[in-house]
Amino acid sequence: MAGWRLYLTDRLIRRLEILEGKPSTLCVWMQPERVVFLDLQNGNHLGERAFEDDAVRAPRPSPEWRAFVDSLTGPAGQRLPLVRASGAEIHTASDGKQRLDRISTPELSFELDGIETRLDLGADVEIAALRLDPASGALVILDWAGKLHLFKGQARVGIVETSLDLHPEMRPELALVSGGSAIFASDGRQILKLDAAGARLGQLDVHYTLGALALSPDGRFLATSDLETGVLRVYSGADLKATHQRFATDLIAEARRVQLVPGSMSQSAAVGALALSSKGTLAFSVAGLVCVTNLARMKRVPRAKTSS
């Protein structure tokens, strides 16, 4: 696909997500509770929504609550994996039957086929990051002590100690392969790959200031941004070896501009958000600009030859 870019706002873009469908959709979260939908292929505007809604506080189950969660979809009817509304977080699996609700900081509830179960992590557990796999409903929670809490549905299946050393100034990252077969976790200095049971499969020491991290749903590609240099790097999800890299500014410069009137963007602005598809389509934001490109437009990183 041809690359494109679109200036959307004077503010920082918060989050990007790619939803498969017809058309495939890029969700651009302008604010925690407001999203703009763009056609992934060409940047055409597909609509936008804001999710401030008192229904998130409605008793459950209730018709108001059910109507609200059923409305959390993209333009092609795809379930939105994560929606923030009225201070709550709502994580939804792609079939809509499994959902994790974080209504307040310590309170988590898992819903399966309309039946809700409270998840008790323990009074001393502070959540750093969490992910619900949209395909399988597998839930992984990373706490600030560097432990992974693994759930299958509402059932806890394990707690795993990692070597991650989390600090508030370095954003922790957590990503899951679709189906929950592998977990990628980072403290900003290293990226760990683990299997579904938490056994370590690989480690990548990051020798730059890690910004954002994105994993393709099939786990083939892992993308990162360098906050200091603006370089985007892509690694093989199989062995964490570097495969592609390029300056974000170069990718932006050669991308087709969607709007006629250009917006203003500082050349020193860092990459903010990343999203990556299984087909190698890479979306990233710099300040209020979003750019969509693909791995073919990046430079391949030569693999070291192994001696026979």
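Cys291 is buried, with a relative accessible area of 0%. The structure is a predicted model, and all values given here were computed from it. Cys27 also counts as buried, because its relative accessibility is 0%. The sulfur of Cys27 has its closest cysteine sulfur in Cys291, at 17 Å, which is too far for a bond. A disulfide is a covalent bond between the sulfur atoms of two cysteines. The cut-off applied here places the two sulfur atoms within 2.5 Å. Cys291 takes part in no disulfide, as the nearest cysteine sulfur, in Cys27, lies 17 Å away. A search of the whole structure finds zero disulfides.

The overall dimensions were examined next. The protein has 308 residues, and a compact globule of that length would have a radius of gyration near 19 Å. The protein has 19 Å, so it agrees with that expectation. Along the principal axes, the C-alpha atoms fill a box of roughly 55 × 50 × 35 Å. Of the 308 residues, 54% are buried. The accessible surface comes to about 14300 Å². Carbon and sulfur atoms account for 50% of that surface.

The secondary structure comprises two helices and 27 strands. Four of the strands form an open sheet, in the order E15-E16-E17-E18. Pairing in this sheet is antiparallel. Strand E15, residues 173–176, stands at one edge, and strand E18, residues 200–205, also stands at an edge. Each has a single partner strand, so one side of E15 and one side of E18 are left without a neighbour in the sheet. On average, neighbouring strands of this sheet are turned by 15° against each other, with direction ignored.

The pairing of edge strand E15 can be followed in detail. The partner, strand E16, spans residues 182–186. Four bridges join E15 and E16, in the antiparallel sense. One of the residues involved is Glu173, whose bridge partner in E16 is Ser186.

Technical notes: Residues numbered from 1 in each chain as written. Predicted model: local features only at pLDDT ≥ 70, side-chain atom pairs only at ≥ 80, totals over all residues. Heavy atoms only, no water. Pairing = 2+ DSSP bridges. Axes fitted to C-alpha atoms, helices over the stretch in contact; angles between N-to-C directions. Rg over C-alpha atoms; globule rule 2.2 N^0.38 Å. Buried < 20%, exposed > 50% of the residue type's maximum accessible area, 1.4 Å probe, protein only. Areas by Shrake-Rupley, 256 points an atom, 1.4 Å probe, with all protein chains shown as cover.
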